[in-house]
Amino acid sequence: IAPASFSKIVAVGLGAIFAVHVIVLATTHASPDQSVASQGLQILSVLLVFLSATHAAVKSRGFGRRFWGYSAVGFALLMVSLMLRHFDPVKPEGIHWSDFVFLLHMVPFGLALLVRDSPREEGSTSWPRILDYVQVVLVVAVLFVAFIYIPSRSASDEFIIHSLYPIFAGVLIARNVSITTGFWFRTRVAHCERERLAFGWMAIYLTIYTLSSALTHFIFHRGLPPGPAWIQLQGSVPFLVGAWLFYRW
């Protein structure tokens, strides 16, 4: 457990980032997807949750090191996908390779879902499980390229928004719900307190992330007015909450 005084500093810092994001969204004259400040704060939020997961992995051994190590890799992939999307000088429209990286960033969380706090697995690597996930990644890559990426290259904006985007959004929502459900299940059947805390904290983060992401997809697909761009907070709030939870490991 982190010292109480430093924990307060971390909490205040994360709260300050949230407040700054609210102010930026309320005062910016640029659209949210073109606001460099908003995009930068979202990437900063992901960087902080990545650092929290990495810090937890470094402090741990055995189960904790593997669980938080996999989680840190997932957040690193998410950060890469956001940087590819937001700061690509070409500013691609429609489906982009960053979307593929974004789709796959949950794979390390799937590996973390399989980690157990067992002396028999201390320091070991379950290569069959990893190879199974590699096969899943390869299948997903083929399907993404064949049915989403290639069709989007020569498609009109209307076709992408009304046909390809709903398919991709449905895949993302199904991915998020399945992974989140898995973590809640592992929390219920945890064999010890360490497992219960790790899976429970990750389940809380994933629940917030899944709900906010689904709401964003719904608003974009239905073409509802986004109002004061508050929906962009889904790019910071889940990660700031996750950073606070994981830092406390």
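These numbered notes cover the predicted model shown above, from overall fold to single residues.

1. Ground rules. Residues are numbered from 1 along each chain as its sequence is written, side-chain values use heavy atoms, and hydrogens and water are left out. Because the model is predicted, local features need pLDDT of at least 70 and side-chain atom pairs count only at pLDDT 80 or more, while totals for chains, interfaces and linings use all residues.

2. Confidence. pLDDT is the predictor's confidence in each residue, from 0 to 100. The protein has a mean pLDDT of 83. In it, 78% of the residues reach 70 or more. Helix α6 (residues 127-153) has the lowest confidence, with a mean of 69. Helix α9 has the highest, at 96. Where pLDDT is low, the predicted coordinates should not be read in detail.

3. Fold. The protein has 9 helices and 0 strands. Both are DSSP runs, numbered from the N terminus: H or I, at least four residues, for helices, and E, at least two, for strands. The pattern along the sequence is α-α-α-α-α-α-α-α-α. Contact means heavy atoms within 4.5 Å. Of the contacts with a separation of 6 or more, 74% join residues 24 or more positions apart.

4. Burial and core. Of the 249 residues, 44% count as buried. Buried means under 20% relative accessible area, exposed over 50%, and partly exposed in between (1.4 Å probe, protein chains only). The largest nonpolar core has 49 residues. Such a core is a set of buried Ala, Val, Leu, Ile, Met, Phe, Trp, Tyr and Cys residues joined through side-chain atoms within 4.5 Å. Phe67, Trp68, Phe183, Met202 and Phe246 have the most contacts inside it. Leaving aside neighbours within four places in sequence, Phe183 contacts Phe67, Phe109, Ala112, Leu113, Phe199, Met202, Ala203 and Leu206.

5. The α8/α9 pair. Helix α8 (residues 193-222) packs with helix α9 (residues 237-247) at about 175 degrees, their axes 9 Å apart. Axes are lines fitted to C-alpha atoms, for helices over the stretch in contact, and angles run from 0 to 180 degrees between N-to-C directions. The two helices are therefore roughly antiparallel (over 145 degrees). From α8, the contact uses Trp201, Met202, Ile204, Tyr205, Ile208, Tyr209 and Ser212. From α9 come Pro238, Phe239, Val241, Gly242, Leu245 and Phe246. These residues divide into 11 nonpolar, 2 polar and no charged. Here Ala, Val, Leu, Ile, Met, Phe, Trp, Tyr, Cys and Pro count as nonpolar, Asp, Glu, Lys and Arg as charged, and the others, Gly among them, as polar.

6. Helix α4. This helix (residues 97-104) is mostly covered, with 6 of its 8 residues buried. They are Ser98, Asp99, Phe100, Phe102, Leu103 and Leu104.

7. Asn176 sits in helix α7 (residues 157-188). Asn176 is buried, at 1% relative accessible area. Residues up to four places away aside, Asn176 touches Met106, Tyr209, Thr210 and Ser213. His217 belongs to α8 and is buried too, at 12%. With the sequence neighbours up to four places away again left out, His217 touches Tyr165, Ala169, Leu172 and Ile173.

8. Ile17. Ile17 lies in helix α1 (residues 4-27). Its relative accessible area is 14%, so Ile17 is buried. Not counting residues up to four places away, Ile17 touches Leu41, Leu44, Ser45, Leu48 and Leu240.

How values were computed
Parallel < 35°, antiparallel > 145°, perpendicular 65-115°, else oblique.
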